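I open this notebook to keep track of what I look up, entry by entry, for someone meeting the structure for the first time.

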Amino acid sequence: MKSKLVYLDNAATTFPKPIAVTRAADECLRTYCGNASRGSNPLAMKSAQKIYECRELLSETFNCQPENTVFTYNTTYALNIAIKGVMKGGGHILISNMEHNATLRPVASLQRDGHIEYDTFDVYGKSTQEIIRDIDGKRRADTRAVCCLHVSNICSYTLPIDEIGKYCRENGLVFICDGAQSAGHIPIDMKRSCIDILCLPFHKGLYGPQGGGAMLLSEGVSPATLVEGGNGVNSLEFFMGEDLPEKYEAGTLCTPAVAGLCEGIKFLHSRDICEIQKHDCELFSYAESLLSHIRGVEICDRTRGSTMLFNIKDIPCDEVGEILGRENICVRTGFHCSPLAHKALGTLSRGGVRISFGVFNTPSQIDTLASVIEDISIGKLRI
Ligand code: PMP
């Protein structure tokens, strides 16, 4: 009989979803999924109401205005609008040396095509002061923005976004923050951290369905559009217009995913994000205590949080992942779309096994993982 599923890949996407999330997406599809902002029929109106409810929930959670809450397909899409919109017309942008490809690839391709230039600033293993000094040293007269993640996706390393935001505000730079791994795990306050643009997924720590993301703008921030088309506003005009959030929302929105996200956010509010953070850290410490006693296991970074990267000496991480999968334990192995972060951690040559926690994980699941890792390390389980 196949053993019980142990899902430890919540950094990729959270699973399972709270039952209220799946019910809300299902109810939307079954009972009212009209096309919001397209006419005033009852179903279009009901969808529009649900979408507005979600804007309010997001804006309460992250401290911005509901109309500055833009829906996208995912974090990558939100980051592309933010980066390409802010950098339209050229200039220089600074990104950290731990960025996901969702940030690295847009800036690298803009540079390759001669539109902008970018540099990286060092964050891994650096103090806040050193980070700010590095940003300051690399800032040029034409630097327009700083874009960095809040928490890494290969380990739980966390950037000092309050101080980076403050530096950007004082120096007239747009601060774009990638909250893909922190939203729902750590409280984020856009005003306190001086974040101009916060990019988020529905489907990770906010427990929403896949297919949605959000770009939250602070007041007065309005990057150029990436995609144009119908948004249900001023349909006779040839241009999208400046109204927020519709300026960035060309085409039909993912209403069932939005309906699910509403319940995901309510679920988080019912639990308290600080408690979730504590739960992540406790699971990390427990996993660390078990895994670090297994011969050959090397934990790549010990920052407590929702994500841990490790390797077993002499066994390729993909083999470890394959055996874990056979045992019904879901992790992610390899390079995690983050060459910069792997270089910073010293894992560029071999990648790593990533385990990542969500609210439904328990210490006994970590026991199950550790016992399989032990069996792999002693050669009892092999490919
Ligand atoms: N940034 C980070 C830090 C991530 O971990 C991820 C997802 N792995 C992304 C961006 C991209 O997120 P999405 O899949 O929602 O586009």
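Before reading any strand partners, I note that two strands count as paired if DSSP finds at least two bridges between them. I also keep in mind that this is a predicted model.

**Entry 1: strand 5 and its neighbours**

With that in hand, I looked up strand 3 (residues 92-96) and found that it pairs with strand 5 in the parallel sense over four bridges, with histidine 92 having threonine 143 as its bridge partner in strand 5. I then turned to strand 6 (residues 174-178), which runs parallel to strand 5 and is joined to it by five bridges; here cysteine 148 stands opposite cysteine 177 of strand 6. How much of strand 5 is buried? I found that six of the seven residues of strand 5 (residues 143-149) are buried, so this strand is largely enclosed by the rest of the structure.

**Entry 2: strand 8**

Next I looked up strand 8 (residues 213-217), where five of the five residues are buried.

**Entry 3: helix 8**

I finished with helix 8 (residues 273-291), whose 19 residues reach 27 Å from the first C-alpha to the last, close to the 27 Å expected at 1.5 Å a residue. Which residues of helix 8 are buried? I listed Ile273, Ile276, Asp280, Leu283, Phe284, Ala287, Glu288 and Leu291. Looking down the axis of helix 8, I found that its buried residues fall within an arc of 135°, so they line one face of the helix. Among the elements that cover these buried residues, I wrote down helix 7 (255-271), strand 9 (297-299), strand 10 (307-312), strand 13 (352-356) and helix 11 (363-377). At the start of helix 8, I lastly noted that a side-chain oxygen of aspartate 272 comes to within 2.9 Å of the backbone nitrogen of cysteine 274.

Key: Residues are numbered from 1 along each chain as its sequence is written. This is a predicted model: local features need pLDDT of at least 70, side-chain atom pairs count only at pLDDT 80 or more; totals for chains, interfaces and linings use all residues. Side-chain values use heavy atoms; hydrogens and water are left out. Helices (H or I, at least four residues) and strands (E, at least two) are DSSP runs, numbered from the N terminus. The expected span of a helix is 1.5 Å times one less than its number of residues. Buried means under 20% relative accessible area, exposed over 50%, partly exposed in between (1.4 Å probe, protein chains only). The arc is that of the directions from the helix axis to the C-beta atoms. Contact means heavy atoms within 4.5 Å. A polar contact is a pair of N or O atoms within 3.5 Å; within protein, one must be able to donate a hydrogen and the other to accept it, and residues adjacent in sequence count only if both atoms are side-chain atoms.
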